[in-house]
Amino acid sequence: MANTYSQIFIQLIFAVKGREKQIREEFRERLEKYITGIIQNNHQKLLAIYANPDHIHILIGYNDLNILIPNLVRDIKSNSSKLINEENWLPGKFHWQEGYGAFSYSKSQIDSVVKYILNQKKHHEKQSFKEEYIEFLTKFEIDYKNEYVFEFYDD
C-alpha cells in the first residue's frame, strides 16, 4: 500500500516437540538456509538465525504487515518439518512444538540481538533453553502459566 512505512524487528523462538535434541549439527546450516527462503518468500528480511539442537531463534525485519506473524510461524514450522521428514534426517517423525515466542526490539538493539542469536552455541553452555525462555518472558513482562509454556523436562 502506498505511503505505508514500518520498521519493526521481531525475534521468534520456538522449540522441537518434546524439546528433543533432533536438529543435528550436520543439518543445521541446511535448515537455516531453508527457513531463510521461507522468510524471504513471505516478504520479510532475515537478520539472524540459529538452530539449536532443541530450539531455534530467528530475528526478522517485519516488513510486509499483510503477512501475519502467526501465519509466518506456521509456514516456517510446517515447511521446515516437511523438509526434515522428506529428507529423513531422523529415524522417526519430526515436529515443532505448539506455540512460539515473538519479542520486539528497537533499531538500537538489533546489533546486540544479532550477536546474541549467532552466539547461541556458546550461550547454551552456560544457560539451559528453559532458563533462557523464562528469562525472555520475564524481561518482556509477559504473564504466563507454567503449564502453557513449552514442554520442559528436567535434564
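## Exercises on a predicted structure

By class, five nonpolar, five polar and eight charged residues line the largest pocket. Here Ala, Val, Leu, Ile, Met, Phe, Trp, Tyr, Cys and Pro count as nonpolar, Asp, Glu, Lys and Arg as charged, and the others, Gly among them, as polar.

The model is predicted, so local features need pLDDT of at least 70 and side-chain atom pairs count only at pLDDT 80 or more, while totals for chains, interfaces and linings use all residues. Residues are numbered from 1 along each chain as its sequence is written, and side-chain values use heavy atoms, with hydrogens and water left out.

**Exercise 1. Find which residues lie nearest the centre of the largest pocket.**

Step 1: Start with the term. On a 1 Å grid over the protein atoms alone, a pocket is an open set of points where a 1.4 Å probe fits, with protein on both sides within 12 Å along at least five of seven lines; lining residues have an atom within 4 Å of a point.

Step 2: Look at the lining. It has 18 residues, and K21, N52, P53, D54 and H124 lie nearest the centre.

Step 3: The elements that give it two or more residues are α1 and β2. Helices (H or I, at least four residues) and strands (E, at least two) are DSSP runs, numbered from the N terminus.

**Exercise 2. Work out which side chains of strand β4 are buried.**

Step 1: Recall the pattern. In a regular strand the side chains alternate between the two faces of the sheet.

Step 2: Apply it to residues 101-105. Buried means under 20% relative accessible area, exposed over 50%, and partly exposed in between (1.4 Å probe, protein chains only).

Step 3: Find the neighbouring strand. Five bridges pair β4 with β1 (residues 9-15) in the antiparallel sense, and F103 is the bridge partner of Q11. Two strands pair if DSSP finds at least two bridges between them.

**Exercise 3. Describe how β2 and β3 are joined.**

Step 1: Follow the chain. A hairpin takes it from β2 to β3 through three residues.

Step 2: Check the pairing. The two strands run antiparallel with six bridges, and Y50 stands opposite H57.

**Exercise 4. Decide whether T36 is buried or exposed.**

Step 1: Locate T36 in helix α1.

Step 2: Read its accessibility. At 17%, T36 counts as buried.

Step 3: List its partners. Leaving aside neighbours within four places in sequence, T36 is in contact (heavy atoms within 4.5 Å) with L46 and I49.
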